Amino acid sequence: MSAIRPARRLHLRKTMSSVVNNVRRVARIGNYWYWIAAPELASGIDIAALVSPLRYDVLIRRDFLTFYAAQRDRYAADFDAFVAEVRQGSYYRWFMTSEAIRCKPHLLGDAAALEQEFISRVRRAARLYEDVTAHGFQPQFPIILKTAERLLPPTTDRQGPPTGKHVAGRYFLADGCHRLALLMTLGYTVLPSEYVRVKCFREFSPFDSTALLARSLPIDAKAYFAFLSSRYCAPHVFERKAELLAYVERHRPADLAEVAAVMQVDGFGS
């Protein structure tokens, strides 16, 4: 019985949450949500445009999974040494300066607990890699995109002020970021529609991880401009700001103000 009760409690919480959400939606109060079809995404979603310019964290996850793929034998033979090396890189700094603050605030005062949570995060990412490479992507665990009846400007914190970016688009990456990063590692450039579900809120502010990480990580300028190029200059890649802006000005002038504002917020505008 003791093993069943927690599952039952979780089921009850989810059921009650669903009931409350449905009541809010009918009454149009609070920030209700509902699943929607998105026929315009039926042919797939360009991954680069989904990730850039707000979700630099996905590249950090991608790079970690690429590292893991090359170091699987070491992971299995000497896990402690593997983790020690990972702690020296961006994946660890991303976890401590972004993921932990957003998703594990109850652990922020406990350094030992945070370290254990990071180790758990590494193990989960490794299991995901092994599962997907062995069995393929499981559509029953989709990548979640979010949209809203009223889209708000991006923020770095759910309760925080806007970062200053205004990014055109209707659908924004929410849950399943490691799965998306793994697909990128496996060579996907287009996200199949059957791997996606879309959640529509009354109001939603996209998460601007890039603005957050630009302040907490040493993001290389060449890597940053290549990251922006993947959205605004595809299929071309530019590692210099002047070349990127010149291309946008010539070929996508309607996006020039957006790109300039994005650079300014992220500290690459001057």
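User: Is Arg-61 buried or exposed?

Analyst: The model is a predicted one, in which local features need pLDDT of at least 70 and side-chain atom pairs count only at pLDDT 80 or more, while totals for chains, interfaces and linings use all residues. Residues are numbered from 1 along each chain as its sequence is written, and side-chain values use heavy atoms, with hydrogens and water left out. Buried means under 20% relative accessible area, exposed over 50%, and partly exposed in between (1.4 Å probe, protein chains only). Because its relative accessibility is 6%, Arg-61 counts as buried.

User: With which residue does the side chain of Arg-61 meet in a salt bridge?

Analyst: Side chains of opposite charge can pair when their charged atoms come close. A salt bridge is a side-chain nitrogen of Lys or Arg within 4 Å of a carboxyl oxygen of Asp or Glu. For Arg-61, the N to O distance is 2.7 Å, and the partner is Asp-57.

User: How far apart are Arg-61 and Asp-57 along helix H3, in helical turns?

Analyst: Helices (H or I, at least four residues) and strands (E, at least two) are DSSP runs, numbered from the N terminus. Asp-57 has a relative accessible area of 1% and is therefore buried. Since Arg-61 and Asp-57 lie 4 residues apart in helix H3, their separation is about one helical turn.

User: How are helices H3 and H9 oriented to each other?

Analyst: Axes are lines fitted to C-alpha atoms, for helices over the stretch in contact, and angles run from 0 to 180 degrees between N-to-C directions. The axes of H3 (residues 56-70) and H9 (residues 209-216) come within 7 Å and cross at roughly 65 degrees. Angles under 35 degrees count as roughly parallel, over 145 as roughly antiparallel, 65 to 115 as roughly perpendicular and the rest as oblique. H3 is therefore roughly perpendicular to H9.

User: Which residues of H9 make the contact with H3?

Analyst: Contact means heavy atoms within 4.5 Å. On the H3 side, Tyr-56, Asp-57 and Ile-60 take part, and on the H9 side the residues are Ser-209, Thr-210 and Leu-213.

User: Which side chain makes a polar contact of 2.8 Å with that of Lys-165?

Analyst: Lys-165 is found in the loop between strand E3 (143-151) and strand E4 (172-175), and it counts as buried because its relative accessibility is 0%. A polar contact is a pair of N or O atoms within 3.5 Å; within protein, one must be able to donate a hydrogen and the other to accept it, and residues adjacent in sequence count only if both atoms are side-chain atoms. The partner at 2.8 Å is Asp-266.
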